[in-house]
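Work through the exercises below with the model open. Each task is followed by a solution in steps.

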Amino acid sequence: MVTVATTDGGTVTVTRCGELVDLHVRDRSGRTVATVTRELHAAQTLLAGLRRNPKRTGQS
């Protein structure tokens, strides 16, 4: 399990389960925003995309 801090104070916890990966996203107060399960390759692609494009939408 790896937990990564986000620039807005939240966290993303990544847990590998064989060929699947659980992504648990929390906001800065610790409230769960999303929990998803993806295939390993899809999760790697998603995380790589976040690293390349840190711009977030929907924030004031």
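**Exercise 1.** Determine whether Thr13 is buried or exposed, and list what surrounds Thr13.

Solution. Thr13 has a relative accessibility of 8%. Buried means under 20% relative accessible area, exposed over 50%, and partly exposed in between, with a 1.4 Å probe and protein chains only. Thr13 is therefore buried. The model is predicted: local features need pLDDT of at least 70, side-chain atom pairs count only at pLDDT 80 or more, and totals for chains, interfaces and linings use all residues. Residues are numbered from 1 along each chain as its sequence is written, and side-chain values use heavy atoms, without hydrogens and water.

Strands (E, at least two residues) are DSSP runs numbered from the N terminus. Then take contacts, meaning heavy atoms within 4.5 Å. Beyond four places in sequence, Thr13 contacts Met1, Val2, Thr3, Asp22, Leu23, His24 and Arg26. With Thr3, the side chain of Thr13 makes a polar contact of 3.2 Å. Such a contact is a pair of N or O atoms within 3.5 Å; within protein, one must be able to donate a hydrogen and the other to accept it, and residues adjacent in sequence count only if both atoms are side-chain atoms.

**Exercise 2.** In which sense do strand 3 and strand 4 pair, and over how many bridges?

Solution. Strands pair if DSSP finds at least two bridges between them. Strand 3 (residues 20-26) and strand 4 (residues 32-39) are antiparallel, with seven bridges. His24 is opposite Thr35 of strand 4. The two strands form a hairpin with five residues between them, and Gly30 in the turn has a positive phi of about 95°.

Ala34 also belongs to strand 4. Its relative accessible area is 28%, so Ala34 is partly exposed. Setting aside residues up to four places away in sequence, Ala34 touches Leu23, His24 and Val25. The C-alpha atoms of Ala34 and Leu23 are 7.9 Å apart.

**Exercise 3.** Which side chains meet in a salt bridge, and how exposed is Arg31?

Solution. A salt bridge is a side-chain nitrogen of Lys or Arg within 4 Å of a carboxyl oxygen of Asp or Glu. The count by this rule is one. Asp27 and Arg31 form a salt bridge at 3.2 Å, N to O. Asp27 is partly exposed because its relative accessibility is 22%, whereas Arg31, at 55%, is exposed.

Arg31 sits in the loop between strand 3 and strand 4. Not counting residues up to four places away in sequence, Arg31 touches Val25 and Arg26.

Notes: Helices (H or I, at least four residues) and strands (E, at least two) are DSSP runs, numbered from the N terminus.
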